[in-house]
Amino acid sequence: MTKTNFTKEHFVKSVLTIFALSSLLFLFLIFIFILFEGLPLFHKIGLKNIILGFKWAPTKGSFGIFPMIVSSFLVTFGALVVGAPMGLSCAIYLSEYSGKKMKMFLKPALELLAGIPSVVYGFLGVVYIVPFVRNYFGGSGFSLLSASIILGVMILPTIISISFDAITSVPRTYREGSFAMGATKWQTVYKVVIPSAKSGILASFILGMGRAIGETMAVIMVAGNALKIPTSILDPLRTLTSNIALELAYATGDHRLGLFSTGVVLLVIIMILNYIANFGMKKKVMK
Amino acid sequence: MSKIIGLFFLILSTILLSSCNDNSTGVTHGKKHTITIAGSTSVMPFIEKLSEHFMVDRPMFRINVQGGGSTAGIMACLNKTIEIGMSSRQLKQGEKVLNSITICYDGISVIVHPENPIRELTLKQIRGIFSGKIKNWKELGWIDRKIDAITREEGSGTRGSFEDLIMKSEEIYDGIMVQDSNGSVREIVATDPYAIAYISLGLVDDRVRSLSIDGVSASLVNIRAKKYKFVRPFLFVTNGPPNKIVQTYIDFILSVDGQNIFKKEGLIGI
C-alpha cells in the first residue's frame, strides 16, 4: 500500500516538474528563436545603424529603429503620467479609506478592467478618444496623446493591484504609532505608509511600463504609426511593437529579419524593466 | 490588424489541411473539391464575392478565401500550402518561379473626406503632400489646417503600386500616418475631414470622395480610355501549372460572367 502511494506521489511530482520545466523551455525557445532570427541583421547592418539609425525603409536597405525606441518610451511615459496618479490614488483609497463593502465591489471591477481585450480598448479609442483629441486639441487625433490616454487606462489594473499589495503589507504598528503621535489619517498615509511602501509602488509603475511598452493592438489603432519622432503630443508615432505587427504580413527577406531585430531590442528593454521591478520588490521583502 | 488575424487563420488552415490530406493540391474532401486561396487584402473582398457566385452554381466546389497580404499569399503558394495566391503587386526576383495570371486591373484612387471642397489635384501636388513638402491645406487653396495624410505600411502591394505609379523617384515622408489595410485607411478618411490617402479604386464608397488627378477623374470610363494612368494588375499565382479543379475556377474568373462581377465591383476587366 505504502509502495503504490509512493509511486503515485512520485508520478504526480514528476509530471508537475515536467510541466513546470516546459514553461521554462518555452521561454528558452522563444529566446533562441528571436535571437537566431534577429541577430544576423545586426551583424550585417551593424548594431549602431539599427539602434541609432533614424531611417526605417527596410525594402530600401535602411533599418534604423531609433525613432521607434524613442516613441515607445514616450508612449510609456505618457501612459504613466495618465495612469500612475490614478492608479496610486485608487490603491490608497482601497487599502486605507474604503469600507469592506466598497472593497468587495471595487476589487472585482478592477479585475474586469484587466480582462478587457486590448482590441476593445483600441476600438473605443478610435471611436471616441481620437475624434475628441482631433476636435478639441487639433491634429489628426491619431497621436501620442490618444495613445497615452488609452495605455494609461490599460495599465491601471497592474499599478493598482501591485501598489495595493505593497501598501497593505505595511505593518499595522506603523500606522498605530503614527496615530498615537496625533497624526491625522492623511498625514499617516502621506508620511508613513507611502514611504514604507515606496519600493513596491515603484515596482508597480515599472511593471505598468512593461505592460505599456509591450502593448500592440490598441497602440496600432490610435497612434497613427508615423515613422518620425513626434515633436508634439499631437503628432502620430510608431512603437517597436506596432512596427512588428504592422509590417509582419508583407515582409520578406531582410525586411523580415529587420522585424526580428526590432523584437530583439524590445526583448532587451522588457528584460531590463522586469529586472528593475524585481529588484525593487526584493528590497521590499528584505525590509 | 485584419492581416494578422488573416495570417493566423492561414497558418491554422495550413496545419488543418496538411494534417487531413495526403495530396496537397486540388484537395478532395469526400465528394467536395476544396480550393484554398490566400493573399492580398486588396484582392480578397472581390474574390470572396466571385467565389460565392462560383459555388452557387457548383455545389461540388468549396473555395476558402483568406487574407494575409500579397507576400504571405505568395510565400504560402511557394510552400504549396495553398492552391492559389492573390497578389496586388508584381512578382519579385525569386518569386518568378510561380505561374502568374492577371485576373483584372485596379485603379489607385486618391481620396479625401466628402466635406473637403477640393475636387482635383495635380500629380505634382499629390507628390508634394506624400513627400512632406506640402503640409497645410492652405497651400492647396483651402483652410489653414494641417493635412492629415495617410499611407500604407512598407511592403504593402498598394503602397508599392502607389510608389511606382505616382511617387516615382520621390520618397514617402516619414511623418505621415501609416495604416495596415485599405479598410482602416478608408475608415480614417471617412471620419477625419482633413485627411487624404490612397486606396484601391474598387473600395471607394460614398463615405469618401475620390479626387481627379491632373484633371482626369478616377472612373472606369477614363481607365478604359487609358486616360487615368494609375492602374495596377491583380494577379493569381499558382505553383506550377494549375490542376483540373483549380483550372475550372480560374476559367470561371476569366470568363465573361466572372469579369462582369469584377466590373460591377468597380474593377477593370482584362
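B:Lys80 is partly exposed, with 13 other C-beta atoms within 10 Å. In this predicted model, B:Lys80 sits in the loop that runs between helix H3 (70-78) and strand E4 (84-87) of chain B. Its phi is positive, about 60°, although B:Lys80 is not a glycine. Most residues other than glycine have a negative phi.

A:Asn225 belongs to the loop between H11 and H12 of chain A.

In total, 27 residues of chain A are in contact with 25 residues of chain B. On the chain A side, the elements that give two or more residues are helix H5 (118-136), helix H11 (217-223) and helix H12 (240-247). H12(A) gives the most to this side, with three residues. By class, the side of chain A that touches chain B has 15 nonpolar, eight polar and four charged residues.

The next topic is the nonpolar core. The largest one has 143 residues, of which A:Ile150, A:Val222, B:Ile111 and B:Ala197 touch the most other members. Helix H3 (residues 66-97) of chain A gives the most to this core, with 11 residues. What does A:Val222 touch, leaving aside residues up to four places away in sequence? Its partners include A:Gly122, A:Val126, A:Ile129, A:Phe142 and A:Ile150.

In chain B, helix H4 (residues 123-130) has the buried residues B:Ile126, B:Ile129 and B:Phe130. These residues are on the same side of H4(B), because they cover an arc of only 90° around the axis. The buried residues of H4(B) pack against several elements of chain B, among them strand E5 (99-112), helix H5 (157-167) and strand E9 (195-200). Just after H4(B), B:Gly132 takes a positive phi of about 85°.

Last comes the confidence of the prediction. Chain A has a mean pLDDT of 90, and 96% of its residues reach 70 or more. Within chain A, confidence is highest in helix H6 (residues 144-154), at a mean of 95, and lowest in helix H13 (residues 253-286), at 83. Where pLDDT is low, the predicted coordinates should not be read in detail.

Definitions and conventions:
Residues numbered from 1 in each chain as written. Chains lettered and ligands numbered in written order. Predicted model: local features only at pLDDT ≥ 70, side-chain atom pairs only at ≥ 80, totals over all residues. Contact = placed C-beta atoms within 7 Å. Helix = DSSP H or I, 4+ residues; strand = E, 2+ residues; numbered from the N terminus. Nonpolar A, V, L, I, M, F, W, Y, C, P; charged D, E, K, R; others polar. Buried ≥ 20, exposed ≤ 12 C-beta atoms within 10 Å, placed from the backbone. Arc of directions from axis to C-beta. pLDDT = per-residue confidence, 0-100. Core = buried A, V, L, I, M, F, W, Y, C linked by C-beta atoms within 7 Å.
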